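Open the model in your viewer and keep the selection tool at hand.

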Amino acid sequence: MLKQLDHKFIMSTYKRYDLLIERGEGCYVFDQSGKKYLDFVGGIATCSVGHGNTFVTEAISAQAGKMISVSNLYYSEPPIRLAAELVRLSGLNKVFFCHSGTEANETAVKVAKKVTGKSEFIAFTQAFHGRTTGSLALTWNERYKTPFAPLTPKVHFARYNEASSIRPLISDKTAAIIVEPIQGEAGIIVPDKGFLKEVRKLCDTYGLCMIVDEVQTGVGRTGRFFAYEHEGVTPDIVTIAKGLANGVPIGACISRHSLDVGEHGSTLGGNSLSAAAALATIDYIERHQLMENAEHTGRYIMEKVRNLSKDSPLIDAVRGKGLMIGIVLKRPLALRISEDCLKMGLLCNAPTADVIRLLPPLIARREEADECMDILSEVLSA
Ligand SMILES: Cc1ncc(COP(=O)(O)O)c(C=O)c1O
């Protein structure tokens with residue numbers, strides 16, 4: 001019944017798996033009949049510290065009881081404290097809050113345009129940075145638009161993981177290079193060591209902003225709070241969202257430079273509730289050493305996949321970092337395999353036809369990893 005109402009009333013922009021989830025607990029979710037599923041999709045990397053996490057839930061309840069939002073016309077403690085935390089973690093200077101990865105990247109584009117006075121961007125093949133089409137262009141008041149014109153940036157695409165393909169695209173109009181430290185939607189593509197350093201070097205040489213999109217990789221998922229830390233580089237602008245508040249909508253653009261009054265805005269961006277949820281999530285991650293856990297559990301899963309690949313003619317390779325893992329298949333069967341896993345009680349998904357993606361909560365330990373691999377190996381052998 002509810003599924004029929006979904007089809008009737010919600011735009012069918014997503015092809016859903018045949019599962020109606022009622023509640024979650026730790027690494028598990030439950031359907032209406034009480035059947036339990038191991039959740040290795042984790043709300044697509046949004047469930048950082050587990051479903052129903054008491055610490056985060058209490059912080060949300062306490063803040064909701066006090067105040068949810070007062071708009072950005074007034075000061076509020078949670079977003080101030082959260083901004084200070086993100087500055088501490090990134091080593092950058094200023095934060096703008098919004099609700100999604102897409103909006104965080106929109107902010108980054110505006111910051112880069114303002115800082116450089118230039119309007120063209122370099123992104124990479126297979127990159128994914130969001131889905132907006134330009135609300136600013138629809139806004140009438142020139143005051144909002146003129147400083148950022150042309151509104152739709154011209155973008156040149158270099159080949160991911162090939163630093164030599166970037167230089168020919170740089171011109172005196174280039175404002176920034178935007179890069180994912182690991183490409184998630186493309187199927188967990190991990191660039192070679194040194195690639196981000198090369199991007200940093202080019203940005204320094206030609207006076208460009210380096211924007212690192214950590215929307216999927218950030219908040220501890222790869223074993224460090226930001227995945228760029230593995231490479232020893234510091235970007236000029238970083239964007240995060242997904243896992244920052246354990247599923248409560250929030251996004252942030254963290255930057256070396258600031259925008260000024262009137263140059264950007266968001267009514268509910270940085271509201272007290274989502275900021276309180278994010279503060280509790282970061283606190284929980286650090287206090288329970290979940291970044292270290294992500295690194296260890298991730299390594300353990302990848303090792304198990306490598307072992308399984310010796311017996312499974314379907315597995316081609318495994319790639320990833322921490323708890324961001326892609327199992328590459330020799331045939332385009334990822335969707336079917338993820339559907340079969342669901343029937344067996346494991347949630348995983350298929351960002352591309354030949355990659356099964358695992359993005360479990362950062363609390364996943366060896367027990368859950370073993371359970372995931374048992375189901376996966378049974379499905380693959382069938
Ligand atoms: C790297 C990256 N950037 C941006 C986005 C867009 O984020 P959102 O869906 O929160 O707008 C995503 C979403 O998958 C992403 O993986």
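This is a predicted model: local features need pLDDT of at least 70, side-chain atom pairs count only at pLDDT 80 or more; totals for chains, interfaces and linings use all residues.

**Stop 1: the ligand and its shell**

Select the ligand and then the residues around it. There are 13 of them, and those that come nearest are G101, T102, D213, Q216 and K242. Colour this shell by class: two residues are nonpolar, seven are polar and four are charged. Next, show helix α5, residues 101-116. This helix supplies three residues, the largest share of the shell.

**Stop 2: polar side chains at the ligand**

Which atom of the ligand is 2.7 Å from an N or O atom in the side chain of D213? Select D213 and look across to the ligand: the atom is a nitrogen. Then select Q216, where a polar side-chain atom lies 2.8 Å from an oxygen atom of the ligand. K242 also has a polar side-chain atom facing a ligand oxygen in distance terms, at 3.1 Å. On its own the ligand has 390 Å² of accessible area, and the protein covers 83% of that.

**Stop 3: the largest pocket**

Which pocket does the ligand take up? The space belongs to the largest pocket, with a volume of about 1700 Å³. Select the lining next: 49 residues, with Y14, V41, G43, I44 and N349 nearest the centre of the pocket. Then show the elements that each give two or more residues to this lining: α2 (42-45), α5, α11 (334-343), β13 (346-347) and β14 (349-352). Helix α11 gives the most, with five residues. Coloured by class, the lining divides into 21 nonpolar, 16 polar and twelve charged residues.

**Stop 4: two backbone points**

Most residues other than glycine have a negative phi, and most peptide bonds are trans. The last two selections depart from this in turn.

Select A149 and P150. The peptide bond between A149 and P150 is cis, with omega near -5°. To place P150, show α7 (142-145) and β6 (154-158): P150 is in the loop between these two elements.

Finally, select I188. I188 is found in the loop that runs between β7 (174-179) and α8 (195-206).

Conventions
Residues are numbered from 1 along each chain as its sequence is written. Side-chain values use heavy atoms; hydrogens and water are left out. A residue is near a molecule or strand if one of its heavy atoms lies within 4 Å of it. A polar contact is a pair of N or O atoms within 3.5 Å; within protein, one must be able to donate a hydrogen and the other to accept it, and residues adjacent in sequence count only if both atoms are side-chain atoms. Accessible areas come from the Shrake-Rupley method with a 1.4 Å probe; for residues, only the protein chains shown count as cover. On a 1 Å grid over the protein atoms alone, a cavity is a set of points where a 1.4 Å probe fits but cannot get out, and a pocket is an open set with protein on both sides within 12 Å along at least five of seven lines; lining residues have an atom within 4 Å of a point. A molecule sits in a cavity or pocket if more than half of its atoms lie within 2 Å of its grid points. Helices (H or I, at least four residues) and strands (E, at least two) are DSSP runs, numbered from the N terminus. Ala, Val, Leu, Ile, Met, Phe, Trp, Tyr, Cys and Pro count as nonpolar, Asp, Glu, Lys and Arg as charged, and the others, Gly among them, as polar. Grid points are joined across faces, edges and corners, and a volume is the space filled by probe spheres set on the points.
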